[in-house]
Amino acid sequence: MAEEQYDLVILGGGTAGYVAGIRASQLGKKVAIVENQLLGGTCLHKGCIPTKALLKSAEVLHTVKNSALYGVDTAQFQLNYEKVYERKDEIVAQMHTGVKHLMQHNHIDIYNGTGRILGSSIFSPQPGTISVEYADGNSELIPNDYVLIATGSRPAELPFLPFDHNVVLSSNGILKMTELPESVAIIGGGVIGMEFASLLNDFGTKVTVIEAGERILPNENKTVTKTLKKHLENRGVSIYENVQLSEENITINEDSASIELENESLTVDKILLAVGRKPNTDDIGLNNTKIKLDEKGFIEVNEQQQTQEQHIYAAGDCIGKLQLAHAGSKEGTTAVEAMFDDTVIPVDYNAIPKCIYTYPEIASIGMNIDQAKAADYKKARSFKVPFKAIGKAVIEDAEQQDGFCELVVDQETDTVLGLSMIGPHVTELINEAALLQFMNGSTLELGLTTHAHPSLSEVLMEAGLKAAQRSVHA
């Protein structure tokens, strides 16, 4: 057993877990994190960081291919994917070292093993003591006052199409490829699927996207997704929507796969299965507690991230809200402050930005116009500003002349309900909208804030002015 009791033990050292641990340490608490893989979790090792490293290389390659639009002729160039892969790994390693340093700096103890929640016993009158099992078979008990479950998620399979880690790959598996396939079918047109579609297309792979729903990116603004679809198809990506696959449609061979679509037969080197993620909530001892799961296996929590066990909280992908690293960090911080601090601000998911790092980029916050109308905002109205009205956007991107920013406003109260963008560097611009939402700013305040010229952020100023009927350029 650990020599002394911890104020907080965190199951999972991903973004939600380690950020929560740092916040608890800042509040003077003794903290331990139990992690059976590497600190940083999916985001650092299998998600955000490595995919964005690849996407940056893809963006540079895309720019080189189209450099003549900027008056720069490149007679010869080639993709060195080995170097791209090495750079991705170097970035991940650098960030991993940084996370380990943060743990040391904040005096957080790390237990490298598999943690499970024990029921009440002679060691504790309530469930929550953590058993840590190590790779060598040894184990250790960690008593505590509070537990935060931040065990994350993993890629989901289809019942008739399991991962074979050879032809049928998860997003984890495709990040491990040291050579690019000539062709790939991406099953699932969500965020993960579309980001890989964009980067693999830029790297020269023939990409086909197959989406079961009515459209790709179903939670985003319809015009945004239509614009992205047009861009990708113009670049050679084939996109099929409203296609229901079954075991009869797919044949997996030794080094390829065949997919029967309605009017054609498709043969590809690899299948990327990107149909969502499953919570890592099995085999962590939840059966020893009163914690409830929803029908998909995600942990149920209240506004303070608290489970049905008053001293056990949960955050990140395992609770099934917005499966985003920064959402998990916010949830983890909220949980810690609910445990140890009286001033708790519940997570407002409408104020959390969502980013999609395709080319072109997509970013949004809050509701789009369809969602606002469905939520019964009778006086909701959208105001659209095209990026071609913004000088810096025209300078920045010679190809994208159909990107835009769309602001959704409740005209009855002049409340900003949401904002969607597609265009150059919108994943950076969205943070200004996040600050606007956090400060409960009005459209006029957004419009009257002086923005540097020329800058991409002028699109936000113009959107605010347009909603206030004072637009200058749009």
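Buried means under 20% relative accessible area, exposed means over 50%, and partly exposed lies in between (1.4 Å probe, protein chains only). I start with that rule because K392, at 25% relative accessibility, counts as partly exposed.

**Entry 1: ground rules**

I am working on a predicted model, where local features need pLDDT of at least 70, side-chain atom pairs count only at pLDDT 80 or more, and totals for chains, interfaces and linings use all residues. Residues are numbered from 1 along each chain as its sequence is written, and side-chain values use heavy atoms, with hydrogens and water left out.

**Entry 2: salt bridges**

I looked for salt bridges (a side-chain nitrogen of Lys or Arg within 4 Å of a carboxyl oxygen of Asp or Glu). The search of the whole structure gave 15.

I went back to K392 and found its partner, E396, with N to O at 3.0 Å. Both residues lie in helix α10 (residues 391-396). Helices (H or I, at least four residues) and strands (E, at least two) are DSSP runs, numbered from the N terminus. K392 and E396 are four residues apart, about one turn of the helix.

Next I checked R235. It forms a salt bridge with D202, and the closest N and O atoms are 3.2 Å apart. This pair links distant parts of the chain, 33 residues apart. R235 sits in the loop between α7 (222-234) and β12 (238-240), while D202 is in helix α6 (residues 191-202). Buried or partly exposed: which is D202? D202 is buried, at 4%. R235 is partly exposed, at 21%.

**Entry 3: helix α6**

α6 has 12 residues and reaches 17 Å from its first C-alpha to its last. How many of its residues are buried? I find 10 of the 12, so α6 is largely enclosed by the rest of the structure. Among the buried ones are M194, F196, L199 and L200. After the helix comes G204, whose phi is positive, near 100°.

**Entry 4: rings**

I then searched for aromatic pairs. Rings of Phe, Tyr and Trp (its six-membered ring) pair if their centres lie within 6.5 Å; planes under 30 degrees apart count as stacked, over 60 as edge-to-face and the rest as tilted. The count comes to five pairs. One of them joins Y81 and F203, edge-to-face, at 5.6 Å centre to centre and 75° between the planes. Y81 lies in helix α4 (residues 81-105) and F203 in the loop between α6 and β11 (206-210), so the pair ties together parts that are 122 residues apart in sequence. Y81 is buried at 10%, and F203 is buried at 8%. Y81, Y85 and F203 form one aromatic cluster.

**Entry 5: charges over rings**

A charge sits over a ring if NZ of Lys or CZ of Arg is within 6 Å of the ring centre and within 35 degrees of the ring normal. The charged end of K88 sits over the ring of Y85, 4.1 Å from its centre. K88 also meets D89 in a salt bridge of 2.9 Å, N to O. K88 is buried at 5%, whereas D89 is partly exposed at 34%. The charged end of K384 sits over the ring of F404, at 4.4 Å from its centre.

Note on methods:
Expected span 1.5 Å × (residues − 1).
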